[in-house]
Amino acid sequence: MLRYLWPAPWSLFGLALGAAMLAAGGRVRRVQGALEFSGGALARLPGATTAITFGHVILGRSAAGLDALRAHEQVHVRQYERWGPFFVPAYLAEGAWQWLHGRQAYRDNRFEVEARQEPKANPIQLPATEPAPPGRRRTAPLGGSER
Ligand SMILES: [Zn+2]
């Protein structure tokens, strides 16, 4: 129960956004202990973000996009369960810290690095069914391409 109460302020924030999405034609599902809202007005917003997590609420452009991103966003749900109301400030501070050190606020953010390390969050990195040519890597390094 505590794992739901501790991040509840952010879950409520997500619920408010989710309710607005429902009012604008979106839909909601309960999957793996989280509420997933998709479609509606969010599907028409500009920008590259296809999903965002607030506590136990995940907002996405489409249900298919949520399916693809679920493992990654579920890592963020676990992070909210650890950090509770402090997750968003910690996330933003970590992004600012990375940016101040010449790195990327999003990609190099340790919370994103952890989420990308979730194996199920990287289906493209599963071993290929065909054997790789000798001397070539079969999979990308964890966390995507490195500089
Ligand atoms: Zn993420």
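Visitor: In what order do the elements of the protein chain run from the N terminus on?
Guide: The order is α-α-β-β-β-β-α-α-α, which comes to 5 helices and 4 strands. Helices (H or I, at least four residues) and strands (E, at least two) are DSSP runs, numbered from the N terminus. This is a predicted model, in which local features need pLDDT of at least 70 and side-chain atom pairs count only at pLDDT 80 or more, whereas totals for chains, interfaces and linings use all residues. Residues are numbered from 1 along each chain as its sequence is written.

Visitor: How do the strands pair?
Guide: The 4 strands form an open sheet with mixed pairing, in the order β1-β2-β4-β3. Its edge strands are β1 and β3, each pairing on one side only. Two strands pair if DSSP finds at least two bridges between them. On average, neighbouring strands of this sheet are turned by 20° against each other, direction ignored. For such angles, axes are lines fitted to C-alpha atoms, for helices over the stretch in contact; angles run from 0 to 180 degrees between N-to-C directions.

Visitor: And β3 with β4, how many bridges there?
Guide: There are 4 bridges between β3 and β4, and the two strands run antiparallel. A51 stands opposite G60 in β4, and T53 stands opposite I58 in β4. The hairpin of β3 and β4 has 2 residues between the strands, and G55 takes a positive phi near 60° there.

Visitor: What about the loop between β1 and β2, which residue should I look at?
Guide: Q32 is in that loop. Its phi is near 50°, a positive value in a residue other than glycine. Q32 counts as exposed because it has 12 C-beta neighbours inside 10 Å. The cut-offs are these: a residue is buried if 20 or more other C-beta atoms lie within 10 Å of its own, exposed if 12 or fewer, and partly exposed in between, with C-beta atoms placed from the backbone.

Visitor: Now the helices. Which strands does α2 lie across?
Guide: Helix α2 lies across β1, β2, β3 and β4, running at about 35° to β4. Helix α3 also lies across β1, β2, β3 and β4, running at about 40° to β3.

Visitor: How far does α2 reach from its first C-alpha to its last?
Guide: Helix α2 covers residues 8-23, 16 residues in total, and reaches 22 Å, close to the 22 Å expected at 1.5 Å a residue. The expected span is 1.5 Å times one less than the number of residues. After α2 comes G25, whose phi is positive, near 100°.

Visitor: Which residues of α2 are buried?
Guide: They are W10, S11, G14, G18 and M21. These residues lie on the same side of α2 because they cover an arc of only 95° around the axis; the arc is that of the directions from the helix axis to the C-beta atoms. The face turned away from the buried side carries the exposed residues L12, A16 and A23.

Visitor: What do those buried residues pack against?
Guide: They pack against β1 (26-31), β2 (34-39), β3 (51-54), β4 (57-60), α3 (63-83) and α4 (87-100). Contact here means that the C-beta atoms of two residues, placed from the backbone, lie within 7 Å.

Visitor: How many residues are in the largest nonpolar core?
Guide: That core has 15 residues, and those with the most contacts inside it are A51, V57, I58 and L59. Two or more residues come from each of α2, β2, β3, β4, α3 and α4, and the largest share, 4 residues, comes from α3. A nonpolar core is a set of buried Ala, Val, Leu, Ile, Met, Phe, Trp, Tyr and Cys residues joined through C-beta atoms within 7 Å.

Visitor: What share of the protein chain is buried?
Guide: Buried residues make up 27% of the 147 residues in the protein chain.

Visitor: Moving on to Y91: is it buried or exposed?
Guide: Y91, in helix α4, is buried, with 20 other C-beta atoms within 10 Å. Leaving aside neighbours within four places in sequence, Y91 is in contact with N109 and F111. Y91 and R110 are 19 residues apart in sequence and 8.3 Å apart in space, C-alpha to C-alpha.

Visitor: And where does L5 lie?
Guide: L5 lies in helix α1 (residues 2-5) and counts as exposed, with 10 C-beta neighbours inside 10 Å. L5 and E81 are 76 residues apart in sequence and 8.7 Å apart in space, C-alpha to C-alpha.
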